[in-house]
Amino acid sequence: MAHYGPGDLTKPAVSWRLARDKNGETLAVGRMEVATAPTGHVTDFGGMSVSLGSLSSATALKLQVSCGKARNEWKIWAYPSAARQPEP
């Protein structure tokens, strides 16, 4: 998270939600926290891992991320794993 506010953030929490773009069905949610987010720096909150094995076709998703009043979202696509072809 890039933070360029007037002062450091103490114990900021980032909440995220991954949903189907078409109908808004929530697939996963999470929350991450760090001790501090100093102003003028980019703070790494870690990563997220979501199993999307239930998707059987290409699916439009929306990732929503918020920290306090700040919010952002991205439209992304997820594709099922390709079926393995037998070797000739």
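At 18% relative accessibility, Met32 counts as buried, where buried means under 20% relative accessible area, exposed means over 50%, and partly exposed covers what lies in between (1.4 Å probe, protein chains only). The model is a predicted one, so local features need pLDDT of at least 70 and side-chain atom pairs count only at pLDDT 80 or more, while totals for chains, interfaces and linings use all residues. Residues are numbered from 1 along each chain as its sequence is written, and side-chain values use heavy atoms, with hydrogens and water left out.

Met32 sits in strand 4 (residues 26-33); strands (E, at least two residues) and helices (H or I, at least four) are DSSP runs, numbered from the N terminus. Setting aside neighbours within four places in sequence, Met32 is in contact (heavy atoms within 4.5 Å) with Pro12, Ala13, Val14, Trp16, Phe45, Gly46 and Gly47. Ala70, by comparison, lies 38 residues from Met32 in sequence and 15 Å away in space, C-alpha to C-alpha.

## The nonpolar core

Met32 also belongs to the largest nonpolar core, which has 12 residues in all. A nonpolar core here is a set of buried Ala, Val, Leu, Ile, Met, Phe, Trp, Tyr and Cys residues joined through side-chain atoms within 4.5 Å. In soluble globular proteins, nonpolar side chains tend to be buried together.

Let us turn to strand 7 (residues 59-67), where Thr59 is placed. Thr59 counts as buried because its relative accessibility is 10%. A polar atom of its side chain lies 2.8 Å from the backbone oxygen of Ser57. Beyond four places in sequence, Thr59 touches Arg20, Ile76, Trp77 and Ala78.

How many aromatic pairs are there? The count comes to 1, using rings of Phe, Tyr and Trp (its six-membered ring) whose centres lie within 6.5 Å; planes under 30 degrees apart count as stacked, over 60 as edge-to-face and the rest as tilted. Trp77 and Tyr79 form this stacked pair, at 6.4 Å centre to centre with 25° between the planes. Both Trp77 and Tyr79 are exposed.

## Salt bridges

There are 5 salt bridges, each a side-chain nitrogen of Lys or Arg within 4 Å of a carboxyl oxygen of Asp or Glu. One of them joins Arg20 to Glu25, with the closest N and O atoms 2.8 Å apart. Arg20 is partly exposed, with a relative accessible area of 23%, and Glu25 is partly exposed at 38%.

Asp21 and Lys62 meet through their side chains in another salt bridge (3.8 Å, N to O). This pair links distant parts of the chain, 41 residues apart: Asp21 is in the loop between strand 3 and strand 4, and Lys62 is in strand 7. Asp21 counts as partly exposed because its relative accessibility is 27%. Lys62 also forms a salt bridge with Glu73, the closest N and O atoms being 3.6 Å apart. Here too distant parts of the chain are linked, with Lys62 in strand 7 and Glu73 in strand 8 (residues 70-78), 11 residues apart. Glu73 is partly exposed, with a relative accessible area of 38%. Through shared partners, salt bridges join Asp21, Lys62, Glu73 and Lys75 into one network.

Note on methods. Polar contact = N/O pair within 3.5 Å; in protein donor to acceptor, adjacent residues only side chain to side chain.
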